[in-house]
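Subject: Handover of a structure, with notes on its fold

Dear colleague,

I am passing on the structure below so that you can look at it alongside my notes. Please read the notes with the structure open.

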Amino acid sequence: MAENIAAKQLETVLGHGNKDRATYTDISNPDREGGRYADESGEKMKALAWMGKNDVRVIEAGKPRIVEDHDAIIRVTGTTVCGSDVHLMHGVILQIEKGDILGHEFVGVVEAVGSAVTTLKPGERVVNSFVVSCGQCRYCKQKLTTACEKTNASTLHEKLYGSRMGGIFGYSHFTGGYAGGQAEYVRVPLADNNLMRLPHSIPDEKAIFLADVLPTSYHSVDYTGIREGDTVAIWGLGPIGLMACYWAFLKGAKRVIGIDNNERIEFAKSKLDKLETINFSTLAKGETLPAKIHEMVPGGVDVSIEASGGEYAKGFAHKLELWVGAEQDTSEMINECLESTRKFGTVGIIGDYAGFTNHFNVGALMERGIKLIGCGQAPTSLDWGDLLQMVEHGTVDPTMILTHRFKLEDIAKAYRLQEKREQGLVKCFVETRFSSRRAEGTPELTSL
Ligand SMILES: NC(=O)c1ccc[n+]([C@@H]2O[C@H](COP(=O)([O-])OP(=O)(O)OC[C@H]3O[C@@H](n4cnc5c(N)ncnc54)[C@H](O)[C@@H]3O)[C@@H](O)[C@H]2O)c1
Ligand SMILES: [Zn+2]
Ligand SMILES: [Zn+2]
């Protein structure tokens with residue numbers, strides 16, 4: 001938390017990097033700056049806001065208005081909670097501010113469009129890309145939208161990483177300070193580029209997965225180059241890790257090992273027959289995870305993917321170092337990946353890592369010739385078209401990991417369940433007062 005306050009002071013000193021931006025950033029709540037970004041009608045909406053460390057709440061805020069010609073206003077018909085949102089709630093993502101509206105995955109109906117929007121009309125159903133990108137810069141032209149150079153004004157981001165990445169909805173001022181879609185309405189800047197129109201055949205409960213989970217999990221296996229016959233190990237069996245297991249099999253992996261320490265192991269096995277698993281909390285005393293993997297796959301796996309996240313320290317040293325701010329991420333899972341992978345194999349990181357880490361096993365990386373790949377925030381647009389088709393044709397049914405349905409009014413409680421991984425929650429669909437009737441075969445509403 002102290003890091004967050006320091007980050008804000010530093011940004012003030014460094015100056016906010018507004019040059020060359022393609023859109024107004026840092027409108028993280030329409031009521032900011034005396035309500036100048038709220039609709040003139042005075043209509044109010046419910047929205048989930050960050051109110052302090054470990055404190056997220058449903059608040060009332062003004063309905064957003066069109067601020068720029070390329071904006072669309074979306075009437076949200078479904079949203080969800082992501083593993084990444086838990087990092088925000090914990091305050092481990094820099095430059096989050098009180099009152100910021102969260103949520104980077106949503107589906108809805110176009111309520112209004114600005115005069116420069118050419119591909120969308122009011123009344124059309126859409127899903128967002130969790131990334132806010134301009135569509136024009138050199139990275140966007142290659143569909144590497146998360147690397148967009150024009151949608152994030154955080155100078156701290158640039159100083160910390162060497163150059164700035166693009167914006168993300170509802171994900172702090174470190175990634176543009178955009179209001180998110182865990183709300184009844186949301187403003188989508190550069191709407192032509194950041195929304196995808198949905199066919200009638202795809203209900204909201206499936207479409208929501210196109211905002212993040214499907215592109216991200218798919219990107220992790222594609223970018224690490226998983227091929228026919230490979231052996232693969234994946235750390236974390238949340239929505240991202242579990243779907244990465246699914247894609248690994250689809251790419252022809254011979255064996256896939258999923259690693260976690262809770263009931264998600266059983267859940268994953270029930271969804272993927274061929275999946276092998278390791279519950280790391282049940283390893284024999286003194287037995288390490290890499291040793292277990294070498295026992296299962298002599299020599300190690302071809303590809304390891306880290307899909308849990310850098311805040312989940314296992315041992316005392318890292319817990320302490322994270323707590324006192326001596327590092328921002330644990331290196332434990334990445335070290336495990338390095339040691340579990342065969343010589344000259346590949347390790348990919350798709351779980352979120354924020355900054356510096358200690359005790360990184362650079363020797364294992366160098367000596368054993370491992371290719372260590374930062375998968376980046378997944379560039380949604382890269383595979384969007386293909387994934388839409390795969391959902392439409394049934395190649396993948398993402399609702400296989402949908403376990404709950406909640407009301408927006410209960411979403412703060414859903415954050416707690418997501419954090420504690422309780423009540424068998426893997427992925428939830430959060431309905432609003434604008435939602436359609438529940439799609440057949442998807443979970444019934446649970447009141448919290
Ligand atoms: N790069 C991207 O574009 C992108 C996009 C979405 C999510 N993410 C990140 O990916 C990660 C996974 O997302 P999610 O929604 O599935 O999150 P999640 O929190 O639902 O799942 C993470 C899983 O990792 C498990 N885990 C924790 N510590 C572990 C360890 N030491 N070894 C193995 N497993 C461990 C947890 O028990 C949990 O089941 C998160 O860090 C999230 O922020 C990245
Ligand atoms: Zn997400
Ligand atoms: Zn761009």
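Helix α13, which covers residues 332-340, is mostly covered, since 9 of its 9 residues are buried (a residue is buried if 20 or more other C-beta atoms lie within 10 Å of its own, exposed if 12 or fewer, and partly exposed in between, with C-beta atoms placed from the backbone). The buried residues of α13 include Met 333, Ile 334, Cys 337 and Leu 338, and also Glu 332, Glu 336 and Glu 339. They pack against β11 (231-235), α11 (289-296), β14 (301-306), α12 (316-324), β15 (341-349) and α14 (362-367). Helices (H or I, at least four residues) and strands (E, at least two) are DSSP runs, numbered from the N terminus, and two residues are in contact if their C-beta atoms, placed from the backbone, lie within 7 Å.

Before you go further, please note that this is a predicted model, in which local features need pLDDT of at least 70 and side-chain atom pairs count only at pLDDT 80 or more, while totals for chains, interfaces and linings use all residues. Residues are numbered from 1 along each chain as its sequence is written, and chains are lettered from A and ligands numbered from 1 in the order in which they are written.

Taken as a whole, the chain has 16 helices and 18 strands. Its radius of gyration is 21 Å, close to the 22 Å that the globule rule gives for 448 residues, so the chain is as compact as a globular protein of that length; the radius is taken over C-alpha atoms, and the rule is 2.2 Å times the number of residues to the power 0.38. Along its principal axes the C-alpha trace spans about 65 × 55 × 45 Å, and buried residues make up 53% of the 448 residues. Of the contacts with a separation of 6 or more, 75% are between residues 24 or more positions apart.

The chain is divided into domain 1 (2-212 + 380-431) and domain 2 (215-374), with bounds that come from an automatic or database domain assignment. The centres of the two domains, taken over C-alpha atoms, are separated by 27 Å, and 22 residues of domain 1 are in contact with 21 residues of domain 2. On the side of domain 1 that touches domain 2, α1 (2-14), α3 (83-89) and α15 (384-393) each supply at least two residues, and α3 gives the most, with 3 residues.

Residues 69-199 are 17% helix and 25% strand, with end C-alpha atoms 25 Å apart, whereas residues 239-311 are 38% helix and 22% strand, with end C-alpha atoms 17 Å apart.

Turning to the sheets, an open sheet of 6 strands has the order β13-β12-β11-β14-β15-β16, with parallel pairing (two strands pair if DSSP finds at least two bridges between them). Its edge strands are β13 (276-279) and β16 (371-374), each of which pairs on one side only. Within this sheet, 5 bridges join β11 to β12 (residues 255-260), and Ala 233 stands opposite Ile 257 in β12.

A second open sheet has 3 strands in the order β2-β1-β4, with antiparallel pairing. Here β2 (55-62) and β4 (100-101) stand at the edges with a single partner strand each, so one side of each is left without a neighbour in the sheet. Strand β1 (residues 44-52) is joined to β4 by 2 bridges, and the bridge partner of Ala 49 in β4 is Ile 101.

Elsewhere, 7 bridges join the antiparallel strands β3 (residues 72-79) and β5 (residues 106-113), with Val 109 of β5 as the bridge partner of Arg 75. Strand β5 also pairs with β6 (residues 125-128) in the antiparallel sense over 3 bridges.

Asp 26 is in the loop between α1 and α2 (32-35) and is buried, with 21 other C-beta atoms within 10 Å. Ser 172 lies in the loop between β8 (167-168) and β9 (185-188) and counts as buried with 26 C-beta neighbours inside 10 Å.

With best regards
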